[in-house]
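Biologist: Could you put the model up on the screen and take me through it in plain words?

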Amino acid sequence: YVDKGDSGNVVNRYFCGTCGSPIYSATPANPDVVVVKAGTLDDTSTVAPKVHLWCDSAWPWTPFPERAIKIAKNPPPPRVD
């Protein structure tokens with residue numbers, strides 16, 4: 001599914017063909033980054049998120065680790081020098 005992000009850039013969103021659950025997103029503007037939806041992981045014991053995005057729209061009861069980096073929306077794109 002092709003969508004537009006808040007930046008106005010194209011976001012390609014990929015879903016399960018059977019149940020429709022979101023799996024990952026990718027943007028042509030930042031081809032080195034793929035956002036994997038945490039709900040797709042069967043075993044999260046080896047994953048420790050350090051950065052949390054879109055925190056300004058999180059539920060008030062959403063737990064964030066004490067030292068987590070919280071970003072209101074999307075992070076700024078990486079600089080290419």
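The questions and answers below go from the overall build to the strands and then to the rings.

Biologist: Before we start, what kind of model is this?

Modeller: Residues are numbered from 1 along each chain as its sequence is written, and side-chain values use heavy atoms, with hydrogens and water left out. Local features need pLDDT of at least 70 and side-chain atom pairs count only at pLDDT 80 or more, while totals for chains, interfaces and linings use all residues, as this is a predicted model.

Biologist: How many helices and strands does the protein have?

Modeller: Both are DSSP runs numbered from the N terminus: a helix is H or I with at least four residues, a strand is E with at least two. Along the sequence the pattern reads β-β-β-β-β-β. That comes to zero helices and six strands.

Biologist: What share of the residues is buried?

Modeller: Buried means under 20% relative accessible area, exposed means over 50%, and partly exposed is in between, with a 1.4 Å probe and protein chains only. The protein has 81 residues, and the buried share of them is 10%.

Biologist: Which residue in β2 is the bridge partner of aspartate 3?

Modeller: β1 and β2 (residues 10-15) run antiparallel and are joined by three bridges. Valine 2 stands opposite asparagine 12 in β2. For aspartate 3, the bridge partner is valine 11.

Biologist: Which glycine in the turn between β2 and β3 has a positive phi?

Modeller: These two strands pair in the antiparallel sense over four bridges, with arginine 13 opposite serine 25 in β3. Their hairpin has six residues between the strands. The residue in that turn with a positive phi, about 85°, is glycine 20.

Biologist: Now the rings: what is the distance, centre to centre, between tyrosine 14 and tyrosine 24?

Modeller: Rings of Phe, Tyr and Trp (its six-membered ring) pair if their centres lie within 6.5 Å; planes under 30 degrees apart count as stacked, over 60 as edge-to-face and the rest as tilted. By this rule the count comes to two aromatic pairs. The planes of tyrosine 14 and tyrosine 24 are 10° apart, so this pair counts as stacked. Centre to centre, the distance is 4.3 Å.

Biologist: Is tryptophan 61 buried or exposed?

Modeller: Tryptophan 61 forms a stacked pair with tryptophan 59, at 6.1 Å centre to centre and 5° between the planes. Tryptophan 59 has 60% relative accessibility, so tryptophan 59 counts as exposed. With a relative accessible area of 63%, tryptophan 61 is exposed.

Key: Pairing = 2+ DSSP bridges.
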